[in-house]
Amino acid sequence: DGLPCLEARRSATASVFQPRRTAFGSHAPCYGASDAEGSFVARGSIVKILEQGQDIPGMEAAYYGSFASDYALNADGMLAVTTSIKGLSGLRDDSVGVWLGDEGSLRLIAKVGDSAPGSLGGFYRTLPQVPSINPLGEVSFKGSYGYKDGGPYRNGLWIERDDALTLVVSDRDPVPGIEGAGFFNAADEFEVNARGDAVFNGSFSGEASGFGDGIWLALNGREEIVPVAVEGQLAPDADGAVFSAVGSSLPFGVPMISDQGDVLFLGSVLGGEEDDAGAFLGLWRYREGSLSLLARTDSPAPGIPGATFKTMGTPVLNRAGQAAFIARINRDDATTSGVGDGQGLWLAGSNNELRKLLVAGDIVDVESNPSLQDLRVIESIDVAGNGGASSGRPSPFNARGELGVRLTFTDGSSGVFIVNTIVPEPSTLVIGVVAILAASISSQPRVFRPGRTAGFVQQCEVGTSPPPNSA
């Protein structure tokens with residue numbers, strides 16, 4: 001409304017937790033006017049939250065400048081966004097603020113130059129490109145702070161709760177469980193769940209410990225900080241090997257957390273042998289004080305006899321604790337005929353059970369008319385976004401177990417689909433798996449039929465018109 005020539009500039013890639021609810025940025029080049037950016041939430045109708053050039057309430061002569069390229073959106077449609085601030089007297093031209101917006105309201109959380117709570121007199125020097133917002137509407141962000149008398153900046157992680165900011169962790173804070181060590185580059189990656197628990201990674205150093213990396217869990221904000229996994233620690237189910245950097249890679253990937261408090265991450269393990277022999281990459285889950293290994297390279301790939309995992313990509317975690325990841329496999333047979341280099345998609349359930357969802361060579365019926373058939377062979381699989389869904393950042397995996405994927409087929413076509421990862425009871429699996437086509441494509445080809453086959457629902461195919469009554 002009021003924007004007669006609205007053009008989408010950034011696609012709606014924010015998490016869609018409920019029907020017809022997402023967020024996007026746009027610019028509106030109208031009647032020769034300068035381009036203007038805006039931030040909107042869609043809930044059946046489009047609601048504008050803020051717009052570039054709009055006056056900032058409570059800040060005389062100040063207005064919103066440019067926007068960060070991504071946003072965070074929770075299930076209630078609350079939007080966390082970072083913008084530059086222009087026109088405010090005495091403020092640097094590159095100053096930024098973090099805002100919490102909803103229909104009819106917009107509130108400043110923090111801006112550069114403000115006092116940084118918990119820093120003992122410090123003030124914010126930098127703020128993030130992308131903040132985070134959990135299902136409770138609590139905004140969290142990593143920033144840096146300094147002091148008027150100079151000295152190096154320090155990094156910190158803050159959570160806003162009950163209209164007050166709390167410092168969770170900061171550079172030079174003591175590292176729990178490692179005597180004499182202090183954090184540096186604290187909370188390089190983080191996520192806060194619906195209970196207010198924060199998981200974060202970071203580096204540490206100490207005279208006795210030396211340098212290292214790890215993942216920590218701050219229960220209820222800062223009530224208690226406990227180690228999840230630390231470089232040099234014995235890795236469970238790894239035959240005496242320890243978490244360690246392998247080659248030029250860091251020992252741990254981005255940590256994620258479910259609403260129940262489970263932490264999921266990729267970690268590399270080294271057995272102490274020369275030239276990184278015996279090293280492997282594993283997918284780990286931390287639950288109630290203990291670590292479990294869910295999958296690892298060179299271990300059997302469930303659902304494909306004779307196959308083992310070759311590589312594993314960053315998983316995506318939903319709020320219910322399910323995790324999906326793309327992996328490449330080594331296999332004993334040659335039935336894939338080079339299709340997709342043995343790429344597949346697996347699910348780690350909340351009970352730690354590992355299950356195959358899709359693999360290159362599977363057959364998809366992309367025809368929505370049940371009386372017709374349009375079979376295509378999967379060549380590659382892509383899952384947009386990474387990390388967990390509690391942060392409000394773009395995620396393809398919702399709490400209902402619906403996973404958004406992009407499939408590319410051997411004929412060059414591609415489409416966007418939803419995989420339903422919740423398996424119905426056996427009595428309801430009427431159609432299930434249908435094996436057709438030549439065995440040269442796959443030793444066990446599977447046909448997924450849109451809207452009818454358990455575990456797979458077609459949404460749309462690139463370059464074609466949507467089927468009638470489609471979402």
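Colleague: Are Phe-204 and Trp-216 buried or exposed?

Modeller: In this predicted model, Phe-204 is buried, and Trp-216 is buried as well.

Colleague: Why is the pair of Phe-204 and Trp-216 called edge-to-face?

Modeller: The ring centres of Phe-204 and Trp-216 lie 6.2 Å apart, and a pair needs centres within 6.5 Å; the planes stand at 85°, whereas edge-to-face asks for over 60 degrees, so the pair is edge-to-face. Phe-204 belongs to strand β17 (residues 198-206) and Trp-216 to strand β18 (residues 210-219), so the pair ties together parts that are twelve residues apart in sequence.

Colleague: What makes Phe-243 and Trp-284 an edge-to-face pair?

Modeller: Their centres are 5.0 Å apart, where the limit is within 6.5 Å, and the angle between the planes is 70°, where over 60 counts as edge-to-face. Because Phe-243 lies in strand β20 (residues 242-243) and Trp-284 in strand β23 (residues 280-287), this pair ties together parts that are 41 residues apart in sequence.

Colleague: Why does Phe-243 count as buried, and why does Trp-284?

Modeller: Buried means under 20% relative accessible area; Phe-243 has 1% and therefore counts as buried, and Trp-284, at 0%, counts as buried too.

Colleague: How many aromatic pairs are there, and which residues form one aromatic cluster?

Modeller: The count comes to 19 aromatic pairs, and Tyr-124, Phe-141, Tyr-145, Tyr-147 and Trp-158 form one aromatic cluster.

Colleague: What lies over the face of Phe-280?

Modeller: Arg-296 lies there, at 3.6 Å from the ring centre, and the distance part of the rule asks for within 6 Å.

Colleague: Turning to charges, why is the contact of Asp-163 with Arg-107 called a salt bridge?

Modeller: The closest N and O atoms of Asp-163 and Arg-107 are 3.7 Å apart, and the rule requires a side-chain nitrogen of Lys or Arg within 4 Å of a carboxyl oxygen of Asp or Glu, so the pair qualifies. The two partners are 56 residues apart, with Asp-163 in the loop between β13 (154-161) and β14 (164-170) and Arg-107 in strand β9 (residues 105-111).

Colleague: What makes Asp-163 exposed but Arg-107 partly exposed?

Modeller: Exposed means over 50%, and Asp-163 has a relative accessible area of 63%, so Asp-163 is exposed; Arg-107 has 31% and is therefore partly exposed, as that class runs between the limits of 20% and 50%.

Colleague: How do you know that Arg-161 forms a salt bridge with Glu-138?

Modeller: The closest N and O atoms of Arg-161 and Glu-138 are 3.0 Å apart, and the limit is within 4 Å. Arg-161 lies in strand β13 and Glu-138 in the loop between β11 (132-133) and β12 (139-146), so the bridge ties together parts that are 23 residues apart in sequence. Glu-138, with a relative accessible area of 11%, is buried, since buried means under 20%.

Key
Residues are numbered from 1 along each chain as its sequence is written. This is a predicted model: local features need pLDDT of at least 70, side-chain atom pairs count only at pLDDT 80 or more; totals for chains, interfaces and linings use all residues. Side-chain values use heavy atoms; hydrogens and water are left out. Rings of Phe, Tyr and Trp (its six-membered ring) pair if their centres lie within 6.5 Å; planes under 30 degrees apart count as stacked, over 60 as edge-to-face and the rest as tilted. Helices (H or I, at least four residues) and strands (E, at least two) are DSSP runs, numbered from the N terminus. Buried means under 20% relative accessible area, exposed over 50%, partly exposed in between (1.4 Å probe, protein chains only). A charge sits over a ring if NZ of Lys or CZ of Arg is within 6 Å of the ring centre and within 35 degrees of the ring normal.
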